[in-house]
Amino acid sequence: MNGALSTEDLELLRKDFSANPAYRLAQNAVTRVPVDDVAINREIINNTDHFLSTLLDDWKVTNQERSGRCWLFAGLNLLRVGAMKKMGLKEFEFSQNYAMFWDKLERANYYLEAIIETASRDLDDRTVAYLLDTPAEDGGQWNMFVAIVKKHGLLPKAFMPETQSSSNTGAMNSILRNLLRQGAKSVREAAAGGAEAARAAKAEVLQVIYRVLCIHLGTPPERFDWQWTDKDREFHRDGMLTPREFAARYVDLPLDDYVCLVNDPRPSSPAGRTFTVEYLGNVLGAPPVIYLNVAMPVIKDIAVRAMQDGEPVWFGCDVGKMMSNEYGVWDARLYDFPAVYDTAFNLSKADRLLYHETQMTHAMLFTGVDVLDGATRKWRVENSWGADKGKDGFYTMNDSSSGEVGTSWFDEYVFEIAARRSALPAELQAALDAPPIVLPAWDPMGALAR
């Protein structure tokens with residue numbers, strides 16, 4: 001038996017499908033309208049309201065447009081809450097373009113240093129192949145966001161607004177990938193002459209990368225004259241500031257106190273241990289990306305307490321699973337695909353990670369939570385997809401479906417939050433000081449940065 005499909009096999013498949021009226025009905029529906037419209041669970045939609053016991057946001061959402069800058073938008077949206085309070089503004093945005101410019105340049109340097117470090121390996125080495133596959137991605141992680149803010153500061157959006165390429169990064173990223181792969185070749189060849197020769201080749205590549213970024217995104221200002229009128233129409237003037245001075249003045253969160261908590265239920269990932277992912281980062285010399293693996297109730301408890309204290313929470317998840325832009329809802333049973341296809345979808349969260357069915361794909365903010373008798377029921381999410389998605393850009397994430405165990409969208413698809421170290425129990429604070437387990441560069445726990 002060679003495993004090929006025989007004529008008899010195909011006939012059995014045809015007869016099995018044709019003999020079932022439910023399959024034919026599903027075919028009639030799905031060939032005419034999107035499968036999500038056929039599978040949507042009306043009971044969940046009808047029973048999901050958007051009211052919560054703790055609600056922080058009273059501002060408009062931002063829009064990352066056609067880019068993978070969610071992690072930057074979520075981080076900047078978190079920091080703008082305190083900045084708006086300090087400046088007495090109803091609406092304010094930091095320049096997402098400015099942050100991306102420096103991330104792109106720093107990441108090019110980080111990438112080329114990785115190429116130098118692996119120059120002695122064959123091109124088909126799995127790590128080298130991974131680096132060559134991902135030279136200029138938009139995504140990132142919490143620690144990478146902090147590294148950019150601490151090194152390069154922040155800028156009001158008016159002083160480096162969006163450009164065509166910041167809002168639609170495809171063409172720019174294609175050029176950057178071409179140049180960085182070309183640069184990887186020259187740096188690897190130069191590495192035969194030693195580290196000094198390799199870094200000289202790297203410097204030539206970075207000069208070109210900087211030029212390309214300026215052409216696409218504009219040149220970041222070194223100083224700017226900051227003045228504004230607050231919501232009470234009172235005028236303020238701060239004078240000339242550098243971006244780092246601006247960040248120091250208007251960021252009121254202790255960024256050095258924040259750590260990244262993850263829920264990785266794979267058997268290979270012990271709870272209470274720290275992890276890092278090889279070659280995951282952007283700013284050389286900055287603290288590495290470190291995750292502390294904890295149980296989901298710990299993540300929920302810390303997120304709830306943060307919001308009850310008035311602070312939104314940065315988080316990462318697998319955004320596209322069981323979500324509706326039309327209704328602004330996430331629910332683990334939002335679409336009844338088992339009924340449409342007459343089959344079970346039963347991979348656990350751990351199995352979905354192991355079999356590449358899930359990974360961290362998007363970062364957003366929690367800006368509210370509904371708690372009843374100590375149990376979380378719903379979460380309010382500020383997205384960065386503009387006001388025409390969800391409910392004016394905000395979403396409701398159900399923590400359970402009809403109170404049933406194992407149906408929490410949060411449990412199944414949320415992977416990480418940024419939390420204050422000081423908010424952790426003493427034993428988890430101590431765990432952060434242990435040497436991290438190093439995961440390979442292609443591990444799904446680094447996926448948000450791709």
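Does L5 count as buried or exposed? L5 counts as exposed, because its relative accessibility is 63%. Here buried means under 20% relative accessible area, exposed over 50%, and partly exposed in between, with a 1.4 Å probe and protein chains only.

First, some ground rules. This is a predicted model, where local features need pLDDT of at least 70, side-chain atom pairs count only at pLDDT 80 or more, and totals for chains, interfaces and linings use all residues. Residues are numbered from 1 along each chain as its sequence is written, and side-chain values use heavy atoms, with hydrogens and water left out.

Back to L5. It sits in the segment before α1 (7-18). Helices (H or I, at least four residues) and strands (E, at least two) are DSSP runs, numbered from the N terminus. Together with L10 and L13, L5 makes a nonpolar surface patch of about 330 Å².

Now the empty space. Rolling a probe the size of a water molecule over the atoms shows where empty space is left. On a 1 Å grid over the protein atoms alone, a pocket is an open set of points with protein on both sides within 12 Å along at least five of seven lines. A cavity is a set of points where a 1.4 Å probe fits but cannot get out. Lining residues have an atom within 4 Å of a point.

The largest pocket has a volume of about 630 Å³. It is lined by 22 residues, and the closest to its centre are M322, A332, F345, R352 and Y413. Two elements give two or more residues to this lining: α14 (337-341) and α16 (409-413). By class, the lining of the largest pocket has nine nonpolar, six polar and seven charged residues.

Next, the second largest pocket. Its volume is about 460 Å³. Of its 22 lining residues, N143, D256, Y258, P287 and P288 are the closest to the centre. α8 (142-152) and β4 (258-262) each supply at least two residues of this lining. α8 gives the most, with six. The classes here are 15 nonpolar, two polar and five charged.

Last, the cavities. There are two of 30 Å³ or more. The second largest cavity holds about 60 Å³. Among the residues that line it are K104, R107, E137 and L176. α6 (96-117), α10 (170-190) and α11 (195-217) each supply at least two lining residues. The largest share, three residues, comes from α6. This lining divides into seven nonpolar, no polar and three charged residues.

Conventions: Patch = residues over 30% accessible without salt bridge, like charges linked within 9 Å, V, L, I, M, F, W, Y side chains within 5 Å. Areas by Shrake-Rupley, 256 points an atom, 1.4 Å probe, with all protein chains shown as cover. Salt bridge = Lys/Arg side-chain N within 4 Å of Asp/Glu carboxyl O. Points joined across faces, edges and corners; volume = space filled by probe spheres on them. Nonpolar A, V, L, I, M, F, W, Y, C, P; charged D, E, K, R; others polar.
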